[in-house]
Amino acid sequence: MHRFANPTRFLKIAAFIQPWMAGLTVLLFAVGLYMSFFTAPPDYQQGESVRIMYVHVPAAWMGMFCYAAMALASAVALIWKHPLADVAAKATAPVGAAFTFLSLATGSLWGKPMWGTWWVWDARLTSMLILFFLYIGYMALQGAFDDRARGAKASAVLALVGAVNLPIIKFSVDWWNTLHQPASVIKMGGPSIHPDMLWPLLVMAVAFKTYYVWVLLVRIRQELTANKVRILRLKQIHGG
Amino acid sequence: MAEFFSMGGYGAYIWPSYAMTAIILAALLLASIRELKSTEAMFERLKAQVAPNKNKNNNKETPDGDEA
């Protein structure tokens, strides 16, 4: 991994991978959307409304995945002071926040016709809302210090502490009574969902993931370039 | 066609879900790309401003070495 921690080398690799991720994302979304609307059958209980699942579930998975990635990168930044770890965590936060918001909003649009309500304060929905606030807090804390290093450190600690929310989200449907259905894909004994519905879901999930990698690469490149701009500005001040 | 868009009566919930996802993901992607482009442009501008000074100094001082 040390080979990739060098920002200059990373920029070269990122510039190479980025167009592939872009192409893959467009392709997977095209296939995934086609499957979601044309090959996937309506649910025998929920009818056509089940199609919301193909954006809702990948968004929720990615909301949690991005947080795990952000917490891991923050840990690496705090412990080993890798030059890229802070940058990767910072670049992940807005993407994860967007995914989490989408899972809440599409869940609400799914809940209204199925549960008869836009929102309930149950464990799954509330812990997901807390995840969204953790992202917002992380981003706010980062900009709250004049000293960039202190902001990075404080927000990294917040990211780590907030990671305790992840298992709470995952197991909330088992630990508490809830309107939300329990896990049907990632669970012991394998998925209990029909392949005709599982495949569109998986294709959409991979499309969301490649989208994340694409945006992550763009944002990391931006952060690294912004660092170079700051160094040049300092040179300008001290040289002039 | 109309039948497809009504989605068995759930069109009012399904289409906003997909539209919102598309809009938010596209907006985040485009904003990220635009920010990268403008930061890169600023870097090139600053480099052009700083470079003449650097060349003069390089004659007296040790070379910059690696650009890390």
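Helices (H or I, at least four residues) and strands (E, at least two) are DSSP runs, numbered from the N terminus. Ala51(B) lies in one such run, helix 2 of chain B. The structure is a predicted model, in which local features need pLDDT of at least 70, side-chain atom pairs count only at pLDDT 80 or more, and totals for chains, interfaces and linings use all residues. Residues are numbered from 1 along each chain as its sequence is written, while chains are lettered from A and ligands numbered from 1 in the order in which they are written.

Chain B has 2 helices and 0 strands. Burial was judged from C-beta atoms placed from the backbone: a residue is buried if 20 or more others lie within 10 Å of its own, exposed if 12 or fewer, and partly exposed in between. Of the 68 residues in chain B, 12% are buried. Ala51(B) has 10 other C-beta atoms within 10 Å and is therefore exposed. Its C-alpha atom is separated by 24 Å from that of Glu35(B), a residue 16 residues apart along the chain. Met7(B) sits in the loop between helix 1 (2-6) and helix 2 of chain B. Met7(B) is not a glycine, yet has a positive phi of about 50°. It counts as partly exposed because it has 19 C-beta neighbours inside 10 Å.

The two chains meet in a contact that takes 35 residues from chain A and 29 residues from chain B. Two residues are in contact if their C-beta atoms, placed from the backbone, lie within 7 Å. On the side of chain A that touches chain B, helix 3 (53-80), helix 4 (85-115) and helix 8 of chain A each supply at least two residues. Helix 8 of chain A gives the largest share, 15 residues. By class, this side of chain A holds 18 nonpolar, 9 polar and 8 charged residues. Here Ala, Val, Leu, Ile, Met, Phe, Trp, Tyr, Cys and Pro count as nonpolar, Asp, Glu, Lys and Arg as charged, and the others, Gly among them, as polar.

Helix 8 of chain A spans residues 195-239 and includes Ala226(A). Ala226(A) counts as partly exposed because 16 C-beta neighbours lie inside 10 Å. The C-alpha atoms of Ala226(A) and Gln236(A), 10 residues apart along the chain, are separated by 15 Å.

A nonpolar core is a set of buried Ala, Val, Leu, Ile, Met, Phe, Trp, Tyr and Cys residues joined through C-beta atoms within 7 Å. The largest has 64 residues, of which Ile52(A), Met70(A), Ala88(A), Ala89(A) and Tyr212(A) touch the most other members. Two or more residues come from each of helix 2 (7-39), helix 3, helix 4, helix 5 (123-142), helix 6 (148-162) and helix 8 of chain A, and from helix 2 (11-60) of chain B. The largest share of this core, 15 residues, comes from helix 8 of chain A. Leaving out residues up to four places away in sequence, Met70(A) touches Ala89(A), Thr92(A), Ala93(A), Gly96(A) and Ala159(A).

Helix packing within chain A was described by axes, which are lines fitted to C-alpha atoms, for helices over the stretch in contact, with angles from 0 to 180 degrees between N-to-C directions. The axes of helix 3 and helix 6 of chain A come within 8 Å and cross at roughly 130°. These helices are therefore oblique to each other. Angles under 35 degrees count as roughly parallel, over 145 as roughly antiparallel, 65 to 115 as roughly perpendicular and the rest as oblique. Helix 3 of chain A passes helix 6 of chain A in a left-handed crossing. A crossing is left-handed if the near helix is turned anticlockwise from the far one by less than a right angle, and right-handed if clockwise. In helix 3 of chain A, Met70(A), Ala71(A), Ser74(A), Ala75(A), Ala77(A) and Leu78(A) meet Ala156(A), Ala159(A) and Leu160(A) in helix 6 of chain A. This contact has 8 nonpolar, 1 polar and no charged residues.

The axes of helix 4 and helix 5 of chain A come within 9 Å and cross at roughly 150°. Helix 4 of chain A is therefore roughly antiparallel to helix 5 of chain A. The crossing of these two helices is also left-handed. Their contact has 13 nonpolar, 4 polar and 1 charged residues.

Lys81(A) lies in the loop between helix 3 and helix 4 of chain A. Lys81(A) has a positive phi of about 55°, although not a glycine. With 9 other C-beta atoms within 10 Å, Lys81(A) is exposed.
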